Amino acid sequence: MRLLRLFFLSLIIFPVGLLADQSTSWIGKEVFVFRENSRGIWTVWDRLNGRHLFYAKSLLLDDIRFEVDQEIREGILIQGRRRPHAGVYGKLQAVEPEPPSKSWHEVRYNPFEMNWFQLVSSARPIRSAKKAYFHENGRQVFVFHPQYFKKEFKLINSSGEIYLSPLPGAFGGHRGLKIYGRLDCRSALSWIRRGYYTEHRVFAATRIEFLKAGYRACKKCKP
Ligand SMILES: [Zn+2]
């Protein structure tokens with residue numbers, strides 16, 4: 001996670017990269033790829049020393065793993081302004097290759113709706129995959145042979161809708177009363193112990209999701 005932060009800090013310091021035609025010398029090497037939102041293009045970094053390498057319209061990566069910096073994501077939810085914080089680690093296989101066949105699965109990620117990349121087909125959070133294809137439209141990512149997390153947690157997003165997350169919620173709430181609080185809130189735990197609340201209990205990754213979904217903070221635990 002610290003390495004990931006380093007990538008994004010370097011992006012601000014060194015915004016100019018090499019052209020894509022120098023990119024083939026990086027084939028077979030470990031890289032980190034994310035979307036450059038302002039340009040609608042993929043940006044490729046050296047995984048080992050966090051150095052920007054080049055921009056590319058489309059890419060093919062092997063043995064990939066997804067990563068999301070949760071702290072930066074929380075900042076985005078508060079400020080509403082997009083910042084790079086999510087990307088894919090892997091081994092560079094091809095630069096601007098032919099698009100893959102139909103057996104590939106589309107992956108989506110929207111920091112306002114979920115805290116992790118998920119498969120469009122099953123809505124399950126995705127941990128890694130054999131291969132990833134970064135589409136030339138600069139938006140879509142497709143994966144081949146996806147792998148999932150051992151555990152998945154049901155969280156609510158800013159619209160109050162349930163989604164599957166690989167990380168447990170950091171705050172808990174009551175869906176009926178529209179109150180949210182800390183996980184160790186004594187008031188909530190006491191209701192749960194007496195057999196109430198459990199069936200109405202929902203969780204969220206940050207306070208922001210609860211607030212945007214119309215919940216108010218518990219007066220006892222002051223989350
Ligand atoms: Zn509370």
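K178 sits in the loop between β12 (171–174) and β13 (179–182), where helices (H or I, at least four residues) and strands (E, at least two) are DSSP runs, numbered from the N terminus. The structure is a predicted model, in which local features need pLDDT of at least 70, side-chain atom pairs count only at pLDDT 80 or more, and totals for chains, interfaces and linings use all residues. Residue numbers start from 1 along each chain as its sequence is written. Here is a friendly tour of a few spots to look at.

**Loop residues with positive phi**

- K178 is not a glycine, yet its phi is positive, at about 60°.
- K178 counts as partly exposed because it has 13 C-beta neighbours inside 10 Å; a residue is buried if 20 or more other C-beta atoms lie within 10 Å of its own, exposed if 12 or fewer, and partly exposed in between, with C-beta atoms placed from the backbone.
- Y197 also has a positive phi, of about 75°, although it is not a glycine.
- You can find Y197 in the loop between α3 (186–193) and β14 (201–204).
- Y197 has 19 other C-beta atoms within 10 Å, so it is partly exposed.

**Strand β1 and its partners**

- Strand β1 covers residues 30–36, and five of its seven residues are buried, so the strand is mostly covered.
- On one pairing, β1 runs antiparallel to strand β5 (residues 86–95), joined by four bridges; two strands pair if DSSP finds at least two bridges between them.

**K220, after β15**

- K220 lies in the segment after β15 (216–217).
- With 14 C-beta neighbours inside 10 Å, K220 counts as partly exposed.
- Leaving aside neighbours within four places in sequence, K220 is in contact with C185, R186 and S187; contact means that the C-beta atoms of two residues, placed from the backbone, lie within 7 Å.
- K220 and M114 are 106 residues apart in sequence, and their C-alpha to C-alpha separation in space is 28 Å.
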